[in-house]
Amino acid sequence: MPVQSAAADVDVDLRQLFASLARNWLRIVLVTLVVAGLAFAFAWLATPQYKAVAKLEIGPRESVFTRPAGTTIDDKPATDEEAVATEVQIISSPDILKKVAADLNLEKLPEFDEALKMSALSRALVLVGLKSDPFDIPPEERVLNAMHDKLNVYGVEKSRVIAVEFSSKDPKLAAQVADAIAQAYLASKGNAKKESNTAATGFLGPEITDLQNRVKEAEAKVAAYRAQSDLLMGGNNSVLATQQLSELSTELSRVRANRAAAEATADSVRKALQNGGTLDSVPEVLSSELIQRLLERQVELRTNIADLSTTLLDNHPRIRALKSQLADLNGQIRNEAQKILKGLATQAQTANAREDQLVAEVNTLKAASARAGEQQVELDALQRDANAQRQQLESYMASYREAASRADRNYLPVDARLLSKVQVPTEPYFPKIGPITGAAAAASLLLMAIGTLLKELFSGRAMRPAAGARFEPIQQVAMPVTRTEPAVAETEAEESHDWVADHRIGQGAATATVVAEPAEPAEVEAPRSWQSRLGEIDVDKAAEKLIASGAARAIFVSPEGDEAAATAVLVAREVSDAGLRVLLLDLTASGAASRPMLDSGLFPGITNLLASEAQFSDVIHPDLYSDAHVIPVGTADPVRAMRAADRLPIIMQSLTTAYDLVVVECGPADAQGISRLAGDGTEVFLSMLEADDEVTQAAVKLIENGYPDVTLVTPVGHEPGNPLPGRRSAA
């Protein structure tokens, strides 16, 4: 049965496609001229429409002199895009349009009421039901619908200006309606302010009266509670009990300090008297005038004794008399010190008694102050309520006076103004003969050109054979009866000596052509079979076999090393050119299969994926010379990656799910090495450059170890097709 390529076998011939425009230029030009003529006639005969524009500025109009007291311009709501959009809806509201229609008597004009002057064609359409009867709609609604169709209100971008556009056959009428709508909008804003001001005064009047009564009641409650609780106020606006407590606390502190000082002084005098020490260091003793005179007499006697001791002996009557006077004098000093000590003790007792009295008074005032504090809290609450109501009353009275004065003077500024007076339009905005005619001509020309190109494309005249569609159907031939494996091995050994190798070097890569020379000439002319275990096939035949069999995996073993790895690359590109989704997985040690497809060996690949250093999206790269994808060897540590070699079956299953065909280049691997890669729909190929014993032994080992359908394939003599547009040619 024939095997066809899955790729598209035709391309679009752009030269032939666009040449169809030149062949049909007369028809294109005639249609364009007819359409342009019809557009010109329509524009020439159409009724001209004039458009008048009125512009309104939205914003506060209150001045600093008339603004209510206590308010600023910041208190006004910001005029943002939402506020402008709201005003646009107000301007185009039915209430304003009804007022304008009534003021200008628009219901009497046929332009706004179709029922006033219906053409014969319109009546006929109404009779046959193709058009609604205008008499079924109220006259007022008919006028409003016509005004809505002719009115366009919008906010000018990045401004607080609203444009009111109105179109009509009559330019003066268009200007009148636009100006009337603007004036009606301003009047409605003024009326709204008047209503708001009237409502404010109506609300504030009764509220002020009620608040006045409530303020009186609140203040009366404050005065009554103060009198009932006897909360007398002292200095610093504090309760009298609290102030007295503060003063007594100060006095108590002073008395305690005096008592402590008297006790300390008495203790020091007592110690000096008991120890027989001098009293000169005690300030209270020295402060006594009597003691000071006695001390002066003591000093004088000691001086006299010292002077007489120079001429008299100690037993002299005069010296003895002076010493006796000195002893009496010391006794008098000590007696006076005892009196001072008693005075200090009495002073300490008096201070202690005063302290006890003050402590009792403080305790009494504490209880009174606590009660006064609780009463003060209640009084403060009543006072706050009275103050709050008074403040609200004052605020209401100020607002009421402001509203009343504005109503009396009729001063209610509107937060909008008319920027300029509406001008009567002098030129119609519709129809524009030149632009309409030009647009119709350009559109018809474009549509005719597109129609001509599509017609040429769908007719097939603009198609040509694709450059990559060079697979020819091949015929399957009957296979000879398969011999046992030992006989096959012997035959392969005998035939391997009859093979002749022809090496060619081309385009920077080494390739070889292998031609089998059988013993009998008849066998040379017979077509080779895919199931042949010793005969080789070329790259094209290998690609056709994979496409025809629908294989999901193609495992390539290259016993001759890196040079034979080019077979897997060529087969993958051929299948990819046929339109299948193909991925090449490079499992060689040197990256010989992926390096020609990427022009580099530094991309992350299968080792990075096995080492958990990257994901699928990081290791899959596009081939530079075809639509195939490739997973290179990678840059991770091979030893670390091989520890996760058990994940290869899972990876292969994921890849076969995403791609139509997964091509695996295994290098000089054996049957055990490719066992993890095999699965359903697997084809095993043996890459061959020269028919030597190494290739023969590798094929025999694969057959003996469970791969009897191994196919020998050689890249010798293969000439790659033209590269895809935008891609380089693989050299």
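**Reading charges and backbone in a predicted model**

Author: Aspartate 646 and arginine 676 form a salt bridge, their closest N and O atoms 3.8 Å apart. This is a predicted model: local features need pLDDT of at least 70, side-chain atom pairs count only at pLDDT 80 or more, and totals for chains, interfaces and linings use all residues. Residues are numbered from 1 along each chain as its sequence is written, and side-chain values use heavy atoms, with hydrogens and water left out.

Reader: What is a salt bridge here?

Author: A side-chain nitrogen of Lys or Arg within 4 Å of a carboxyl oxygen of Asp or Glu. A search of the whole structure finds 15 salt bridges.

Reader: Where do arginine 417 and glutamate 57 lie?

Author: Helices (H or I, at least four residues) and strands (E, at least two) are DSSP runs, numbered from the N terminus. Arginine 417 is in strand S5 and glutamate 57 in strand S2 (residues 50-58), 360 residues apart. Their salt bridge has its closest N and O atoms 2.7 Å apart.

Reader: Is aspartate 623 buried or exposed?

Author: Buried means under 20% relative accessible area, exposed over 50%, partly exposed in between (1.4 Å probe, protein chains only). Aspartate 623 has 1% relative accessibility, so it counts as buried. Arginine 573 is buried too, at 12%. The two side chains meet in a salt bridge (2.9 Å, N to O). Arginine 573 lies in helix H16 (residues 566-577) and aspartate 623 in the loop between strand S12 (621-622) and strand S13 (629-631), so the pair ties together parts 50 residues apart in sequence.

Reader: Which residues form the negative surface patch?

Author: Patches are made of residues with over 30% relative accessible area and no salt bridge; like charges are joined within 9 Å, and nonpolar side chains (Val, Leu, Ile, Met, Phe, Trp, Tyr) within 5 Å. Asp and Glu count as negative. Here the patch is Asp80, Glu81, Glu82 and Glu157. Glutamate 157 is found in the loop between strand S3 (151-155) and strand S4 (161-168). Glutamate 157 is exposed, with a relative accessible area of 66%.

Reader: What is the phi of lysine 158?

Author: Near 60 degrees, a positive value in a residue other than glycine. Lysine 158 lies in the loop between S3 and S4. At 84% relative accessibility, lysine 158 counts as exposed.

Reader: Which residues does the cis peptide bond join?

Author: Phenylalanine 430 and proline 431, with omega about 0 degrees. Find proline 431 in the loop between strand S5 (416-418) and helix H12 (433-459).

Key: Areas by Shrake-Rupley, 256 points an atom, 1.4 Å probe, with all protein chains shown as cover. Charge placed at Lys NZ, Arg CZ, Asp CG, Glu CD.
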